[in-house]
Amino acid sequence: MRRAIVAVAMAAGLLTGCTASGEDPAAARSTSPARELPFDLYTHCGIDEARIGSTYFEAEVPLSDGSGNPPEGWDNPTQRGTMTLKSQTEAVFTDDAGHEVHFRARPGATDFKHICA
């Protein structure tokens, strides 16, 4: 039961930042060179994954404090910023605090690799 509650909470937090407010998720996969979207990155168990539209991405270099939390200087449970889609397989998260995380799409992924407990 707890896992289901965490999964719902995580999905709710991620879905709020997946696309710009009111935007069709399919539009996030535009073929334009780069597209910026307001994004709330889920950070509660470190910075490792993101869902943009229907595509699951993983951080090229996952970040944590070594105990499964976000590193110092990151908000918890989410960090507000911008996700820039460089292509259908590359994205970069940035924020006003100066953070930058590069993500790569996980081909064929239909869910997150792990659920934060």
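Select the six strands: they form an open sheet in the order β1-β4-β5-β6-β3-β2, with antiparallel pairing. Strands here are DSSP runs (E, at least two residues), numbered from the N terminus. Two strands count as paired if DSSP finds at least two bridges between them. β1 and β2 stand at the edges, each with a single partner strand, so one side of each has no neighbour in the sheet. From one strand to the next, the twist averages 30 degrees; axes are lines fitted to C-alpha atoms, and angles run from 0 to 180 degrees between N-to-C directions.

This is a predicted model, in which local features need pLDDT of at least 70, side-chain atom pairs count only at pLDDT 80 or more, and totals for chains, interfaces and linings use all residues. Residues are numbered from 1 along each chain as its sequence is written, and side-chain values use heavy atoms, with hydrogens and water left out.

**Colour by confidence**

pLDDT is the predictor's confidence in each residue, from 0 to 100. The protein chain averages 81, and 72% of the residues score at least 70. Now select residues 1-24. Their pLDDT is below 50, and beyond near neighbours in sequence this stretch has 34 contacts in the model. A contact means heavy atoms within 4.5 Å.

Go to β2 (47-52) and β3 (55-63). They pair in the antiparallel sense over 5 bridges. Pick Ala-50: its bridge partner in β3 is Phe-57.

Next, take the loop between β3 and β4 (78-85), where Pro-77 lies. A cis peptide bond joins Asn-76 and Pro-77, with omega about 25 degrees. Most peptide bonds are trans.

Move on to β4 and β5 (residues 90-94), an antiparallel pair with 4 bridges. A hairpin of 4 residues joins β4 to β5. Select Met-83 and find its bridge partner in β5, Phe-93.

Then follow β5 to β6 (residues 100-105), again antiparallel, over 5 bridges. Val-92 has His-102 as its bridge partner in β6. This hairpin has 5 residues between its strands, and Gly-98 in the turn has a positive phi of about 95 degrees.

**Show the core**

Display the largest nonpolar core, which has 16 residues. Such a core is a set of buried Ala, Val, Leu, Ile, Met, Phe, Trp, Tyr and Cys residues joined through side-chain atoms within 4.5 Å. Buried means under 20% relative accessible area, exposed over 50%, and partly exposed in between (1.4 Å probe, protein chains only). Leu-41, Ile-52, Met-83, Phe-93 and Phe-103 touch the most other members. β1 (35-42), β2, β3, β4, β5 and β6 each supply at least two residues of this core.

Centre on Phe-93. Not counting residues up to four places away in sequence, Phe-93 touches residues including Phe-39, Leu-41, Trp-74, Met-83, His-99, Val-101 and Phe-103.

**Finish at the disulfide**

Select Cys-45 and Cys-116. They form a disulfide, with sulfur atoms 1.5 Å apart; the cut-off for a disulfide is a pair of cysteine sulfur atoms within 2.5 Å. The structure holds 1 disulfide. Cys-45 sits in the loop between β1 and β2, and Cys-116 in the segment after β6, 71 residues apart. The torsion about the S-S bond of Cys-45 and Cys-116 is about 45 degrees, so the disulfide is right-handed. Which cysteine is buried, and which is partly exposed? Cys-116 is buried, because its relative accessible area is 5%. Cys-45 counts as partly exposed, because its relative accessibility is 26%.
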